[in-house]
Amino acid sequence: GCGQKGFQENALVRAKGHYDIHCVHLHDGFSAYAAGILGKCFPMRKELGVTVPWYPNETALTTVNGAEDGVAKAVWMKIVWSWAHGAASYVWYNLRATGWDPKDSEQGYGLLEADFHPRAGFAAFSALAKVLSGADFKTIVYERKGRHVYLFRNGGDLVVMGWDPFPGKVGLVKVKTDAREAVLVDVMGNVRKATACTGGFVLELTDLPGALVLRAATFAEADETGLDDVPEPNTRKI
């Protein structure tokens with residue numbers, strides 16, 4: 001994105017043949033980010049005949065107004081979604097904050113504080129890297145009504161990742177697999193044993209992204225039958 005109207009269109013056409021990637025600058029939350037890519041970027045690329053890979057090279061959220069948790073969730077959502085939609089790579093802008101002013105959105109960018117102390121976003125990125133480093137994207141299992149489920153292969157393991165847009169509610173996805181062991185990893189990297197079901201394990205979909213890691217699995221098939229139903233509220237004591 002650029003402030004000057006038509007800048008990107010002109011640059012993509014007039015410089016065609018002289019660039020290897022198409023860089024995209026787009027901040028905002030996950031829903032707006034995905035909508036912008038699908039609704040404007042991809043149609044523009046198709047219309048202009050741009051075939052080189054797209055590369056989100058400046059995307060993030062600011063932590064002002066208490067958005068630490070929102071940033072952590074967006075790290076998983078935006079990186080995984082971009083990967084699933086063919087991005088050549090991904091850059092989260094930026095790594096280190098420039099200051100501590102709680103009212104300055106620019107100083108709210110950064111996975112690390114200005115003194116290098118980690119924010120929640122850095123913990124989320126570390127957790128995601130641990131789950132997906134060395135992985136290959138396999139397929140989009142489900143993308144509808146804001147709900148997202150993706151499948152990756154990481155060595156001998158299969159990783160099913162997903163989230164659900166309804167805060168405070170839980171959707172359960174049954175994943176059929178030949179894996180005999182599986183764990184759930186949350187957005188902060190906490191690991192716990194996955195719930196077993198007949199022929200597989202259960203992935204919990206909440207507004208916090210999570211991963212179901214299937215150990216030594218050769219296949220994984222997600223049962224989508226219940227995904228269009230609004231899940232029952234998940235109430236618990238605080």
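Trainee: Where is the place of Asp-28?

Mentor: Asp-28 sits in the loop between β1 and α2 (30-48). Keep in mind that this is a predicted model.

Trainee: Why is Asp-28 called partly exposed?

Mentor: Its relative accessibility is 48%. Buried needs under 20% and exposed needs over 50%. Asp-28 falls in between, so it counts as partly exposed.

Trainee: What is noted about phi of Asp-28?

Mentor: Phi of Asp-28 is near 85°. That is a positive value in a residue other than glycine.

Trainee: Which other residue has a positive phi although it is not a glycine?

Mentor: Ala-216, with a phi of about 50°. Ala-216 lies in the loop between β11 (210-215) and β12.

Trainee: Is Ala-216 buried or exposed, and how do you know?

Mentor: Ala-216 has 60% relative accessibility. The cut-off for exposed is over 50%, so Ala-216 counts as exposed.

Trainee: What makes Pro-209 count as buried?

Mentor: Its relative accessibility is 1%. Buried means under 20%, so Pro-209 qualifies. Pro-209 is in the loop between β10 and β11.

Trainee: Which residues is Pro-209 in contact with, leaving aside its neighbours within four places in sequence?

Mentor: Lys-73, Trp-76, Met-77, Gly-162, Trp-163, Asp-186 and Val-187. Each counts because it has heavy atoms within 4.5 Å of Pro-209. Leu-128 gives another distance: 81 residues from Pro-209 in sequence, but 10.0 Å in space, C-alpha to C-alpha.

Trainee: Why is Thr-63 called buried?

Mentor: Thr-63 has a relative accessible area of 10%. That is under 20%, so the word is buried. Thr-63 is placed in the loop between β2 (54-58) and α3 (68-84).

Trainee: What does Thr-63 touch, not counting residues up to four places away in sequence?

Mentor: Glu-68, Val-71, Gly-108 and Arg-119.

Trainee: Which residues of β1 are on the covered face?

Mentor: In strand β1 (residues 22-25), His-22 and Val-24 are on the covered face. Cys-23 and His-25 are on the uncovered one. Side chains in a regular strand alternate between the two faces of the sheet.

Trainee: In what order do the four strands of the open sheet stand?

Mentor: The order is β9-β10-β6-β12, and the pairing is antiparallel. β9 (196-197) and β12 (220-222) stand at the edges. Each has a single partner strand, so one side of each is left without a neighbour in the sheet.

Trainee: How do you know that β9 and β10 pair?

Mentor: Two bridges link β9 to strand β10 (residues 200-205), in the antiparallel sense. At least two are needed, so the pair meets the cut-off. Ala-196 has Phe-201 in β10 as its bridge partner.

Trainee: How many bridges join β6 to β10, and how many β6 to β12?

Mentor: Six join β6 to β10. Three link β6 and β12. Both pairings are antiparallel. Lys-174 has Val-202 in β10 as its bridge partner, and Thr-177 stands opposite Ala-220 in β12.

Trainee: How many helices and strands are in the protein?

Mentor: Five helices and 12 strands.

Trainee: What makes the protein as compact as a globular protein of that length?

Mentor: Its radius of gyration is 19 Å. The globule rule gives 18 Å for 238 residues. The two values are close, so the description holds. The C-alpha trace spans about 55 × 45 × 35 Å along its principal axes.

Trainee: What share of the residues count as buried?

Mentor: 44% of the 238 residues.

Trainee: Which peptide bond is cis?

Mentor: The bond from Tyr-93 to Asn-94 is cis, with omega near 0°. Asn-94 lies in the loop between α3 and α4 (105-108).

Terms used. Residues numbered from 1 in each chain as written. Predicted model: local features only at pLDDT ≥ 70, side-chain atom pairs only at ≥ 80, totals over all residues. Heavy atoms only, no water. Rg over C-alpha atoms; globule rule 2.2 N^0.38 Å. Buried < 20%, exposed > 50% of the residue type's maximum accessible area, 1.4 Å probe, protein only.
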